[in-house]
Amino acid sequence: MAEHCIVQPCKRYVSVFLLFSATLNTMYAVTHYSIPEEMEEGSVIANLASDLGLNMNSLSKRKMRLDVIANTKYLDVNKETGELYIVERLDRESLCTTKTATSCFLKMDATIENPIRMFNIELEIMDINDNAPHFRRDTMDLDISESTPVGERFSLNNAVDPDVGSNTVKTYHLSESEHFNIEIQTGRDGAKFADLILKKALDREQQAVHNLILTAVDGGVPARSGTANIIVRVLDTNDNAPKFNTDTYNIDIMENSPIGSLVVKLNATDLDEGTNSEITYSYSLYTSEKTQGTFSLNANNGEITVKEMINYEDFRIYDMEVIATDKGANSLSSQCKLTILVTDMNDNHPEMSIKSFQSPIKENVAIDTVLAVVSVSDKDSGENGIVNIHIADQLPFALRESSDNYYELVVSQPLDREKVPEYEITFTVTDRGSPPLSDNETMTLELLDVNDNVPQFPQSFYTIPVMENNAPGALLSSLTAFDPDLHENQYLVYFIIEKEIVNTSMSMLFSINPENGNLYALKTFDYEIEKEFLFHIEARDSGVPPLSSNVTVHIIIVDQNDNTPVIVSPWRAHGSVVEEKIPRSTDKGSLVSKVIAIDTDSVQNSRITYQFLQVTDATLFSLDQYNGEIRTMRMFSYRDPRHQRLVVIAKDNGDPALSATVTIKLSTVETAVKAYSDMTEVPLEYDIFSDLNLYLVIGLGSVSFLLLITILVTCVLKCQKPKPSNAAPPSRNSVISERNSTIADSTLVSNDAYWYSLFLAETRKGKLVVRQPVPKAGSRYIVSSLPRSTGLTETSDSAASTLQGSTTTGSSSS
């Protein structure tokens, strides 16, 4: 079906001419075909075998072939059907490049063998309209003067079309234009040309460029076309004169305008271009020399500027005429008139004169005090001569009018040199002109200091910890106060406010550097005697009169672990060895002995723990590390030695820890010893009075005797009237005797509210009460025996009874 569609058009155009000439040996034939160009590849031209009279069956055997033209095989023969068909597309314009030739032929030979025969084939290629006209240049530029007369002719480039005959360029069309049309010309070779004709005069000022489109159309069916742009640029001629924006100018100018300041910029325009539109400005003969001397005219840009100083009183109105001329070959010009009116201005500044000014002044100057007198004036008149004067609003001063053009500067608010030591006061005078003129003058007011500030400490209360056993003269703290005043009003001296503590002045315990407030300790403190001090320090300036303030100082003595534990139970009459007897029949868990040690330090430094340092048999006895009780862990056996040696160490919790030891020698006896229950009261019987009891009685007697002597001495000292002394610090007895008054005085505050600590020593015979006197009053410890009928039961109860603590309590209990 496809082949049929391709072949059908061929039958319309193909005409076959067969020429035969008969010879004896060879037959020569010429076959002529006519086809249109650009036929599809594979299109059948004719049945060559049938036209040549060849046998179809022998066609393939006889090896029929066609010539190759210019290395291209355009046609070929189907060996089966004998049909001549197109192998390569045929372009007439490529095969026949001669434009003048109206016919285009493709000649080739067809050869067959057995026997050899040759046939000449002539293929005429018919032209079709397959090419559109085109211009050699897509754009044509024409420069035409606007003065060109109507009817002037301008040649245009022609269009070309490779097709021939009716398919080539036939005519031209021009886009619509009121100024141009075209006229078509035919050359000797039949080519078509177009001329551009001016049909209406040009005006560059109305339209400087004309864009036209020229279209070439061929005579094919359907027709093809090509276009080119024609750009016509209209050349200028000097046919327009310069023109000002307005013919008359009225200008106001202020007198005293700066030289060179712009008065007006004239603007003349010319519709022409190039040199025809370039304009120069000049004065006409109607402009006076005075005006030309006062104002300068720039010939290039038309700016009129001030040339000399303008004074309203000298000249008030200036008239001038300015000409604008273009630079064309035949120059054209125009002119305008200017009237310049001089406006009077406020050209005199107000003046100010300070008649008197008082500086420096004291900062406590009274309000409404006059500090300065100022006069103002202005040479102008009217509003320009009225003057106002003012100072900054945030200043503590005010201006008060005293008489015409005279003003007083007075104090309006309290002054404080410590906040603002001096003031920069600027007096500003301004007239009421338009624009207003002003002047100013600045004066410096210095304030003198008065002693109106008390010394100030950074803190109102100082707490200073001091470690006991400090070195005398050690720096405790620096108590520095600040005084914002100046000079002698700022120089501070520091004092300790005198206050006696138990007949001892504070200045004997502490010292302060009067110049810098450094506080020193004059003695070594002992926490066990003095725990804290409370006193006041005063800072006083050197002003007249002097001002002062004080601060409270709280000295806290910090405890050190400087006291070794003292073992007070079991009682040791001789040396550090205690000998006791115990029946061998003692049960498991029985109390053998109780070690009690006391430490005069405080808190952690006074906490005692107990442990065995040496023990004969570790399986026989146990020691409670907190209460010091030694108990049996089992019953005695016949294998156990009769004598047991126990070494107990009592260690405090300080850093480093201090300790004391006691050696207990236990001897087991076979005889039964009547035991006493811890919770049952049993009276002492003389018939079981052992050696231990004897030692205990002797010890208690000695202690009681010593205690009695101590009480008597205390009573005698209390009866004596204390005498003030400025020598060494008082003894501990005097501190105790004056305790009530010192606490009420809030000078000595003691955390140890009681002078005796009560401990219970539980023994097999009963309970012991141990009282510890305050250190430094004596190094002995008094032990007294209390029968169980006294009602004392536990250590906590005994301690509770001492909450009434006083010296008399200690005496009565002994």
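**Note on side-chain contacts in the predicted model**

1. Arg 540 has a relative accessible area of 33%, so this residue counts as partly exposed. The model is a predicted one. Arg 540 forms a salt bridge with Glu 538, with 2.6 Å between the closest N and O atoms. Glu 538 has 15% relative accessibility and therefore counts as buried, since the cut-off for buried is under 20%.

2. A separate set of salt bridges, through shared partners, joins Arg 204, Glu 205, Asp 236 and Glu 273 into one network. Arg 204 is in the loop between strands S15 (192–198) and S16 (209–218), while Asp 236 is in the loop between strands S17 (225–235) and S18 (243–244). The two residues are 32 residues apart, and the pair links distant parts of the chain. Both Arg 204 and Asp 236 are buried.

3. Arg 204 also forms a salt bridge with Glu 273, where the closest N and O atoms are 3.6 Å apart. Glu 273 lies in the loop between strand S21 (268–269) and strand S22 (279–283) and Arg 204 in the loop between S15 and S16, so this pair ties together parts 69 residues apart in sequence. What are the relative accessibilities at the two ends? Arg 204 is at 9% and counts as buried; Glu 273 is at 39% and counts as partly exposed.

4. The salt bridge count for the structure is 22. As a general point, side chains of opposite charge can pair when their charged atoms come close.

5. There are 11 aromatic pairs in the structure. In one of them, Phe 510 with Phe 533, the ring centres are 5.5 Å apart and the planes are at 80°, so the arrangement is edge-to-face. Phe 510 belongs to strand S40 (residues 510–512) and Phe 533 to strand S42 (residues 532–541), which puts the partners 23 residues apart. Phe 510 and Phe 533 are both buried.

6. Phe 510 forms a stacked pair with Phe 535, at 5.0 Å centre to centre and with 25° between the planes. Because Phe 510 lies in strand S40 and Phe 535 in strand S42, the pair ties together parts 25 residues apart in sequence. Both of these residues, Phe 510 and Phe 535, are buried. Ring pairs link Phe 510, Phe 525, Phe 533 and Phe 535 into a cluster.

7. The charged end of Lys 531 sits over the ring of Tyr 527, 4.7 Å from the ring centre. The charged end of Lys 290 sits over the ring of Phe 315, at 5.9 Å from its centre.

Methods: Residues are numbered from 1 along each chain as its sequence is written. This is a predicted model: local features need pLDDT of at least 70, side-chain atom pairs count only at pLDDT 80 or more; totals for chains, interfaces and linings use all residues. Side-chain values use heavy atoms; hydrogens and water are left out. A salt bridge is a side-chain nitrogen of Lys or Arg within 4 Å of a carboxyl oxygen of Asp or Glu. Helices (H or I, at least four residues) and strands (E, at least two) are DSSP runs, numbered from the N terminus. Buried means under 20% relative accessible area, exposed over 50%, partly exposed in between (1.4 Å probe, protein chains only). Rings of Phe, Tyr and Trp (its six-membered ring) pair if their centres lie within 6.5 Å; planes under 30 degrees apart count as stacked, over 60 as edge-to-face and the rest as tilted. A charge sits over a ring if NZ of Lys or CZ of Arg is within 6 Å of the ring centre and within 35 degrees of the ring normal.
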